[in-house]
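Reader: I'm new to reading structures and would like to go through this one slowly. Could we look at it together?

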Amino acid sequence: MNYAYTILYVADVPASLRFFEAAFGLQTRFLHESGAYGELETGATALAFAQLEVARDSLGGDFIEAARSERPLGMEVGLACADVSAAYARALAAGATGLKPPTTKPWGQVVAYVRCPDGCLVELCTPMGG
């Protein structure tokens, strides 16, 4: 068994891909011609997006839409970077909602939280260890 991908269910896959590029500098690896599925260039483990109706069909049922939930869902996408303050500012400028500005944890890691326009929760953090 190996960890292959995470798929975020969103209303507008191309818009989410554009946001992640503008906010976090992640390039689109693949976008299906239908616009219903896309992936970001994130290395061996893909961060992907699927259109809500495609996701419902695949799942065979319904789910809580992140964008419609008043509060973030109980999961996050973690993105490591050297300068969390700059990454946080870039995300806000691209349209993210700031939930918690950069904070240094007791173990020395700097973390911040934003919510994307599609409702997804993203943690921006310095790498753990070294």
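Reader: What meets the side chain of Arg29 in a salt bridge?

Author: In this predicted model, the partner of Arg29 is Glu41, and the N to O distance in their salt bridge is 3.4 Å. The pair links distant parts of the chain, since Arg29 lies in strand E2 while Glu41 sits in the loop between strand E3 and strand E4, 12 residues apart.

Reader: And how many salt bridges does the structure hold?

Author: There are six salt bridges. Another one of them joins Glu53 and Arg56, with the closest N and O atoms 2.9 Å apart; these two residues are three apart in helix H2, so about one helical turn separates them.

Reader: Is Arg56 buried or exposed?

Author: Arg56 is buried, with a relative accessible area of 18%, whereas Glu53 is exposed at 54%. Arg56 also meets Glu65 in a salt bridge of 2.5 Å, N to O, and salt bridges that share partners join Glu53, Arg56, Asp62, Glu65 and Arg68 into one network.

Reader: Last one: what does the side chain of Asp118 have a polar contact with?

Author: Asp118 is buried without a salt bridge, its nearest side chain of opposite charge, Arg115, being 7.4 Å away, but a polar contact of 2.6 Å joins its side chain to that of Ser16.

Methods:
Residues are numbered from 1 along each chain as its sequence is written. This is a predicted model: local features need pLDDT of at least 70, side-chain atom pairs count only at pLDDT 80 or more; totals for chains, interfaces and linings use all residues. Side-chain values use heavy atoms; hydrogens and water are left out. Buried means under 20% relative accessible area, exposed over 50%, partly exposed in between (1.4 Å probe, protein chains only). Lys and Arg count as positive and Asp and Glu as negative; His and the chain ends are not counted. A salt bridge is a side-chain nitrogen of Lys or Arg within 4 Å of a carboxyl oxygen of Asp or Glu. A polar contact is a pair of N or O atoms within 3.5 Å; within protein, one must be able to donate a hydrogen and the other to accept it, and residues adjacent in sequence count only if both atoms are side-chain atoms. Helices (H or I, at least four residues) and strands (E, at least two) are DSSP runs, numbered from the N terminus.
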